[in-house]
Amino acid sequence: MKLEEGEKIIKILRRHYVVLIPIFLVLVFMALAPIIIYLFLNSDFGNLNENLVSVLNNFIDTWGLFAYSIFLSILWIIFFIEWTDYHLDLWVITDRRIIDAEQKGFFHREVTSFRFEQIQDITTETKGILETFLKYGDLHIQTAGHLREIFIKDADMPEDAKNLILSLQHKSDVERTQ
Amino acid sequence: MDYFNILDISNWDISSQRIADIVFMLTVGMSAIFTIIFYYHWRKYGMGGARIHTMEIIYIVGLILLIAISFITLK
């Protein structure tokens, strides 16, 4: 990320880690699914033909751990694809502007920046018990630019970010008028 | 010249071991490609910090462990 000369990064804002929990739980469930299915098929509830059970057990004995480790490797990579998408979506607040960097795919990244003078309005929105207790929510920044609004979904500590932006905007206004 | 019908599955001489070898090589290849993509993106756009360095280590250790287990269990 290229900064201007003398520009300093004040804060880097990302989405709250709670947004990763649903995908994490899905992947944990998928990781446990083969074990659960195997236990079910081998139990009295499965009620499978004895020959089929024998074939299944033979396969598990020979290739079970190999197939499972390959399956887990794929799930591991899927988790890190999601984590990379989460981690590379960021909003950089410098002493001059806000840089909105959004990773839309591995080879698709959108970076927009807005100077503080362009900011007209900031709204924070915290909905529900989880967002209130974990202190995350949405941040809407209205601007005068081509793209009218920066929208930061599930931002960590949105109130603190809003106060920081407003104080930096005020400081920038004072410096310009001097 | 002998005629060989590739679509006739009984002509195929593929054992389960060979299939396992192919699956293993494909997984290693795919993992290598994704590792390069991940590290490129993390280093270029990740903005540094302890969190990303920790996740880099967790990722590579986990991946090596899983690949090692699949290699060891590959008969």
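**View 1. The contact between chain A and chain B in the predicted model.** The contact draws 30 residues from chain A and 29 residues from chain B, and the two chains bury about 2700 Å² between them, with 79% of that area on carbon and sulfur atoms. Within the area that chain A buries against chain B, A:Trp63, A:Phe66 and A:Trp76 supply 23%, more than any other three residues.

**View 2. Polar pairs and contributing elements at the interface of chain A and chain B.** On the side of chain A that touches chain B, the elements giving two or more residues are β1, α2 (50-87) and β2 of chain A, and α2(A) gives the most, with 19 residues.

**View 3. Helix α4 of chain A, residues 158-177.** This helix of 20 residues reaches 29 Å from its first C-alpha to its last, which is close to the 28 Å expected at 1.5 Å a residue. Its buried residues are A:Pro158, A:Ala161, A:Lys162, A:Ile165, A:Leu168, A:Gln169 and A:Ser172; seen down the axis of α4(A), they fall within an arc of 135°, and therefore line one face of the helix. An α-helix has 3.6 residues a turn, so residues three or four places apart point the same way.

Terms used: Residues numbered from 1 in each chain as written. Chains lettered and ligands numbered in written order. Predicted model: local features only at pLDDT ≥ 70, side-chain atom pairs only at ≥ 80, totals over all residues. Heavy atoms only, no water. Helix = DSSP H or I, 4+ residues; strand = E, 2+ residues; numbered from the N terminus. Expected span 1.5 Å × (residues − 1). Buried < 20%, exposed > 50% of the residue type's maximum accessible area, 1.4 Å probe, protein only. Arc of directions from axis to C-beta. Contact = heavy atoms within 4.5 Å. Buried area = accessible area lost by both parts, 1.4 Å probe. Polar contact = N/O pair within 3.5 Å; in protein donor to acceptor, adjacent residues only side chain to side chain.
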